[in-house]
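I am opening a notebook on a structure that is new to me. I will look up one thing at a time and write down what I find.

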Amino acid sequence: MGYRVGVDIGGSFTDFAVFDEDSGEIKSLKVFSRPDQPGEEVIAGVRMLGERYGIQPSQISYFTHGTTVGINTVIQRKGLKLALFATQNFCDVLELARLKTPDMYHLLSRRPAPLIKRSMVFGIDERMAPDGSIRKPLDEGSVERAVRAAQAAGAEGIVISLLHAYRNPEHELRVKELIATLAPDLPVSCSSETWPIIREYERTITAVIGGYVQPRVAHYLGSLQAALKNVGVQPEPRLTKSNGGVMTAEQGKRDCVQMILSGTAAGVIGAAHVAATADIPRCLSLDIGGTSADIAVIIDGKPQYGVGELIGDFQIHIPSVSVSSVGEGGGSIAWVDPLGVLKVGPESAGSRPGPACYRRGGTRATITDAFVCCGLVGHSDLGYKAVEVDVEASRKAVGELADQLGRGIEETAEAIIQIAVSGMYSEVSGLVSRYGIDPREYAVLAFGGAGPMLGCFLAREIKVKETVVPPSPGTLSALGGLIADLKSDFLKTVYTDLTPANLATIRDEFATLRARAEDWLRQEQGHIDQAELTYSAEMRYRGQSYEIDTPLDPAHLAAGDVAAVGQAFHAVHRRLYGHADERAPMQVVSLRVVIAGNNDKPRFPRQEPRAGAPTPERQVSVWLDGGQRDVDLYSRTALSAGQQFNGPAIVTQDDCTTVIPSHHVCRVDEYANLRISAEGDAS
């Protein structure tokens with residue numbers, strides 16, 4: 001037995017969650033992130049575990065890690081200079097994209113410049129038919145010419161995405177073989193190997209993003225593996241994936257596109273675990289770190305999944321936890337535009353220089369500085385004593401904006417908070433519309449370093465049922481990576497009508513996918529005991545443009561029950577659109593099998609409730625809701641299950657500060673979660 005360690009790297013802090021396999025206790029830690037030297041914060045944190053808790057690297061039995069290296073590479077456009085090999089006469093795939101306006105409410109919005117310039121796209125003379133038959137054989141001479149042209153243009157890698165390769169990858173694989181002979185030093189990615197989906201642009205952009213970040217991610221992971229070994233951590237590090245699972249670092253080097261959203265996914269997995277434990281049937285997870293606020297829907301303890309999540313300016317079409325992000329985090333910078341309007345974000349102060357109150361060189365006002373100026377934050381050190389709050393530095397930074405606006409410091413600080421909340425409100429409104437949910441039936445589960453600080457203000461605006469703050473909200477994303485299961489998706493595009501004759505073929509393809517999934521899990525964990533397999537198919541009515549992912553019962557497939565498979569699709573269509581046409585012919589576009597291995601999960605201890613009100617440490621003077629007032633200050637460690645108190649109040653702890661507005665009631669549940677609701681709604 002030993003310690004299981006989960007790590008999540010954020011914009012300001014890197015979080016550690018440590019599970020003691022003997023005692024079941026969970027310990028937490030924060031260190032400053034190092035965007036200038038990615039990976040250094042992980043090693044620093046491992047050393048601090050020894051200094052703070054006496055945990056030696058040799059005692060670590062499991063190590064998992066969420067990273068933003070991939071997504072930051074795309075956002076900053078610091079990836080490889082790539083060439084794209086496309087079917088001749090189809091070389092404008094990235095330029096055309098989907099011909100959609102990026103922002104439907106902004107008539108002057110423009111599509112982003114592609115990651116691969118049109119001058120770096122080279123045509124390959126070949127043609128595969130939609131059914132996978134070869135319409136025009138591959139001209140290997142055109143491949144050689146394209147390779148030479150790419151080399152002359154300075155290409156550092158090549159992505160191959162040929163027409164209809166999702167049905168038959170023969171030409172793509174042959175082109176890859178030829179490139180290995182002609183230019184063995186160039187890394188090569190195939191769209192049919194990255195994620196073989198039907199649509200040309202979606203398959204191409206996914207492969208391009210994977211190829212764009214792969215060398216940088218692989219270098220980072222290799223350096224991390226070596227550094228962990230050097231400090232004495234023996235287990236192979238695992239990585240959180242976009243789909244909420246984990247995989248080995250070695251697989252991450254090859255399939256980096258699968259873990260490009262690992263950081264945001266880990267937080268939602270952690271929130272889902274809290275929701276399931278505390279029996280919260282519906283909640284919105286609100287993960288606010290130093291750079292952004294990430295919002296996701298969790299129903300019955302399970303996050304919602306989808307494809308097409310944004311990576312910078314581009315959508316990536318792999319299965320992932322559905323997360324919406326807005327550029328308002330604790331480190332988001334407030335500024336005044338040329339028209340004299342106060343704005344917040346999306347630029348962030350990050351960990352260095354950080355907010356002005358951090359004393360790390362920051363001079364510009366951030367959301368955190370606004371809370372400090374209002375007296376809502378700064379009554380204890382932040383980030384496990386990593387930061388001693390400098391109130392005067394915050395007041396100076398916010399004061400500069402106040403002078404420009406002709407307002408007081410506290411008024412300006414509160415305006416910064418209100419603008420940040422309004423940005424989150426806008427994002428949540430879109431999420432509510434997309435899922436067709438009533439926020440009054442939902443809780444907001446606030447975590448991250450700034451989530452509890454802002455959570456109640458957002459909850460008050462969207463009128464949710466309650467705000468929930470878990471025991472260690474600042475490190476919940478790290479805990480999410482720690483409890484995530486080994487998990488992988490396996491896809492096969494079949495593009496066929498749903499008929500009794502075709503169902504036999506569909507059943508055979510599912511069997512092949514299952515065999516691949518089980519082989520993968522055996523390689524990852526050595527066995528497939530207690531593995532969970534789920535089956536689904538992307539289906540549509542014939543003539544529809546887009547398909548719907550439809551969960552399927554393996555028993556119906558085994559029995560050849562076409563009617564039951566059809567009814568499964570009708571039910572999903574009816575739930576999403578309010579109607580179904582049970583007489584219309586249906587098509588099955590692709591099949592998917594998801595396999596998950598069972599990972600040991602820490603159990604949150606249940607406490608016996610103790611009635612009564614806690615005693616505040618003291619009262620502090622704050623600016624809240626337009627005026628100065630005295631509020632009670634509580635220490636989180638002094639609160640016990642069953643206790644209840646009224647707002648306005650502040651709760652301090654090592655990893656964050658929780659702000660409870662006026663006319664709200666906070667009770668502590670049996671799992672030590674803070675359950676905050678408006679007066680009259682408290683249960």
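**Entry 1: Glu388.** I looked up Glu388 and found it in the loop between helix 10 and helix 11. The model is a predicted one. Is Glu388 buried or exposed? Its relative accessible area is 52%, so Glu388 is exposed, the cut-off being over 50%.

**Entry 2: helix 11 against helix 12.** Next I checked how helix 11 (residues 391-405) meets helix 12 (residues 409-435). Their axes come within 8 Å. They cross at roughly 95°. Helix 11 and helix 12 are therefore roughly perpendicular to each other. Which residues of the two helices make the contact? On helix 11 I noted Arg395, Val398, Gly399, Leu401, Ala402 and Leu405. On helix 12 they are Ile409, Glu410, Thr412, Ala413 and Ile416.

**Entry 3: helix 9 against helix 14.** I looked up another crossing. The axes of helix 9 (residues 262-277) and helix 14 (residues 476-483) come within 7 Å, at roughly 85°. That angle makes helix 9 roughly perpendicular to helix 14, since 65 to 115 degrees counts as such. From helix 9, the contact residues are Ala266, Gly267, Ile269, Gly270, Ala271, His273 and Val274. From helix 14, they are Leu476, Ser477, Gly480, Gly481 and Ile483.

**Entry 4: Asp485.** I moved on to the loop between helix 14 and strand 25 (487-497), where Asp485 is found. Its relative accessibility is 21%, so Asp485 counts as partly exposed. What does Asp485 touch, leaving aside its neighbours within four places in sequence? I listed Gly245 and Val246, then Ala596, Gly597, Asn598, Asn599 and Lys601. I also took the distance from Asp485 to Tyr166. They are 319 residues apart in sequence, and their C-alpha atoms are 28 Å apart in space.

**Entry 5: aromatic pairs.** I searched the whole structure for aromatic pairs and got 6. I wrote up two of them.

Phe371 and Phe457 have ring centres 6.0 Å apart and planes at 65°, so this pair is edge-to-face. Phe371 lies in helix 10 (residues 367-373) and Phe457 in helix 13 (residues 451-462). The pair therefore ties together parts that are 86 residues apart in sequence. Phe371 is buried, at 0% relative accessible area. Phe457 counts as buried too, at 7%.

Tyr541 and Phe569 also form an edge-to-face pair. Their rings are 4.8 Å apart, centre to centre, with 75° between the planes. Tyr541 is in strand 26 (residues 532-541), and Phe569 is in helix 17 (residues 562-577). This pair links parts of the chain 28 residues apart. Both Tyr541 and Phe569 are buried.

**Entry 6: charges over rings.** I looked for charged ends above aromatic rings. The charged end of Arg4 sits over the ring of Tyr62, 4.1 Å from the ring centre. Lys27 has its charged end over the ring of Tyr53, 6.0 Å from the centre.

**Entry 7: nonpolar cores.** How many residues does the largest nonpolar core have? I found 76. Phe63, Phe85, Val175 and Ile260 have the most contacts inside it. Helix 7 (residues 200-231) gives the most to this core, with 12 residues. Not counting residues up to four places away in sequence, Ile260 touches Gly70, Ile71, Val74, Ile209, Val213, Ser242, Ile311 and Ile316. Another core, of 60 residues, lies apart from the largest one. Leu342, Ala370, Ala397 and Ala459 are among its members.

**Entry 8: backbone exceptions.** Most residues other than glycine have a negative phi, and most peptide bonds are trans. I looked for departures from this.

A cis peptide bond joins Gly647 and Pro648, with omega about 0°. Pro648 lies in the loop between strand 31 (644-646) and strand 32 (649-652).

His164 is not a glycine, yet has a positive phi of about 60°. The loop between strand 9 (157-161) and helix 5 (170-182) holds His164. At 17% relative accessibility, His164 counts as buried.

His663 has a positive phi of about 60° as well. I found His663 in the loop between strand 33 (657-660) and strand 34 (664-668). With 55% relative accessibility, His663 counts as exposed.

How values were computed:
Residues are numbered from 1 along each chain as its sequence is written. This is a predicted model: local features need pLDDT of at least 70, side-chain atom pairs count only at pLDDT 80 or more; totals for chains, interfaces and linings use all residues. Side-chain values use heavy atoms; hydrogens and water are left out. Rings of Phe, Tyr and Trp (its six-membered ring) pair if their centres lie within 6.5 Å; planes under 30 degrees apart count as stacked, over 60 as edge-to-face and the rest as tilted. Helices (H or I, at least four residues) and strands (E, at least two) are DSSP runs, numbered from the N terminus. Buried means under 20% relative accessible area, exposed over 50%, partly exposed in between (1.4 Å probe, protein chains only). A charge sits over a ring if NZ of Lys or CZ of Arg is within 6 Å of the ring centre and within 35 degrees of the ring normal. A nonpolar core is a set of buried Ala, Val, Leu, Ile, Met, Phe, Trp, Tyr and Cys residues joined through side-chain atoms within 4.5 Å. Contact means heavy atoms within 4.5 Å. Axes are lines fitted to C-alpha atoms, for helices over the stretch in contact, and angles run from 0 to 180 degrees between N-to-C directions. Angles under 35 degrees count as roughly parallel, over 145 as roughly antiparallel, 65 to 115 as roughly perpendicular and the rest as oblique.
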